[in-house]
Amino acid sequence: MLSARRAAGLVAASVPAVVVGGSSWYREKHRPELPPHTLRDLSGEVVVVTGATSGIGKAVAGKLAGLGATVVVGSRDQGRGEAARRGILASVGGTLPAPRCEVLPLDLSDLGSVRTFADECRRRHAGNISVVVAVAAEIVYEEGRQAASGADLSFATNQLGLQALLAELEPELGSSPRRGASGLRANRRVVIVGSRLEARGSVDPEVVHSTGGARLNKGWAGRDAMLRYADTKLCNMLLAATLAERWRGKAVDVLAVTPGMVHTGLWRHFPQWYQALTYPVRALALRSADDAAQGVVFAAAAIEADGKSGAYLSDGLEVEPSQGAKDGKAAARLYEVCGELIAADRSPRRGRRDDRARGARRTASTPTTCAPSACTRSPSSRRCATIKRRRDVRSA
């Protein structure tokens, strides 16, 4: 009979094998299997991709560049953007000249940056923007982090900035059908990358209105980072449904896509211990960015997706969104509230407040602690200075 110690050792030794085996099985089971389709030749067309400096967005940009498109990448960091541009060109063999992939400054949490980005896209590519692929998203681990406008940082990045960008590009997207290299006319496309986590999301447009986007629902303060992210993904679904309805009759299709569970840089905002603990499972079980990009590219370029405006796709097949995502009344009201927040950002008074808030936010974004001699709080909760700065941002 095995001793207890030896039995425990055998069990411990078998755990890694079980984890690796189970993770590998899960990944193989969930590899993308798209229906037969034909990708359009995008030569001479311009595709705008947000979130293309890494992960799914970078993989999507590379595949669309390979179809002949001029890809415009929005990036908060010039260095990362330039590195992404080189990687995108290298992914198609480096045969494309540099102008086929452009990098422009874009911070979706800053509506002024969004307007500048859209203006430059229109100036460079008037009449030629055929596709917008919205991949950029943030999971903000720390509760209470806000954009310069006072809106929650994840909501500002994932929803407000996206709605503002599409509103700025609407004249380009809805003006007339595109005519590709083949000469065939087809609708332009907007592809919003969502998440099945939207089914766990909750959004109350009246709470968004009353708090200026600082909260999305009544239970916001008690929700963890993944649930807050799910809330913003539900907002994305409601935005896609609203735009599909508002743009009905125009030469543009709006599609939402779920890429599946993916191992990407979104996890970087979680604590180091959490990243280290979950890394083996994420790396072995979840989809790679390249696998996840296949369904997004289908939505952006497959001929079979023509005329499917309003659809929610997973690996090229239509799937049902959550009941919350089908709430037309909430979708219309959220669109209206977000539109008001975006419009308010243009006011001169808000502009002056934002300048002060940005300066305060740069300081507040770096965690600090009170000097031990100046604070009676315990070492584990010395966050007075940080809390005060965040309050200053909200009251600026």
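The model is predicted, so local features need pLDDT of at least 70 and side-chain atom pairs count only at pLDDT 80 or more, while totals for chains, interfaces and linings use all residues. Residues are numbered from 1 along each chain as its sequence is written, and side-chain values use heavy atoms, with hydrogens and water left out.

Let's start with the second largest pocket, which holds about 390 Å³ of space. Lining it are 23 residues, and M237, A241, G310, P321 and A325 are the closest to its centre. Helix α7 (225-246) gives the most to this lining, with 7 residues. By type, the lining splits into 14 nonpolar, 3 polar and 6 charged residues.

Now for the salt bridges (a side-chain nitrogen of Lys or Arg within 4 Å of a carboxyl oxygen of Asp or Glu). The count comes to 21. One of them pairs E82 with R85, with the closest N and O atoms 2.8 Å apart. Both sit in helix α3 (residues 78-91), 3 residues apart, or about one turn of the helix.

Another joins R122 to E168, at 3.6 Å between the closest N and O atoms. R122 belongs to helix α4 (residues 111-125) and E168 to helix α5 (residues 153-173), so this pair ties together parts that are 46 residues apart in sequence.

R248 bridges to E245, again with a closest N and O distance of 2.8 Å. Finally, E102, E120, R123 and R124 are linked in a network of salt bridges.

Note on methods:
On a 1 Å grid over the protein atoms alone, a cavity is a set of points where a 1.4 Å probe fits but cannot get out, and a pocket is an open set with protein on both sides within 12 Å along at least five of seven lines; lining residues have an atom within 4 Å of a point. Grid points are joined across faces, edges and corners, and a volume is the space filled by probe spheres set on the points. Helices (H or I, at least four residues) and strands (E, at least two) are DSSP runs, numbered from the N terminus. Ala, Val, Leu, Ile, Met, Phe, Trp, Tyr, Cys and Pro count as nonpolar, Asp, Glu, Lys and Arg as charged, and the others, Gly among them, as polar.
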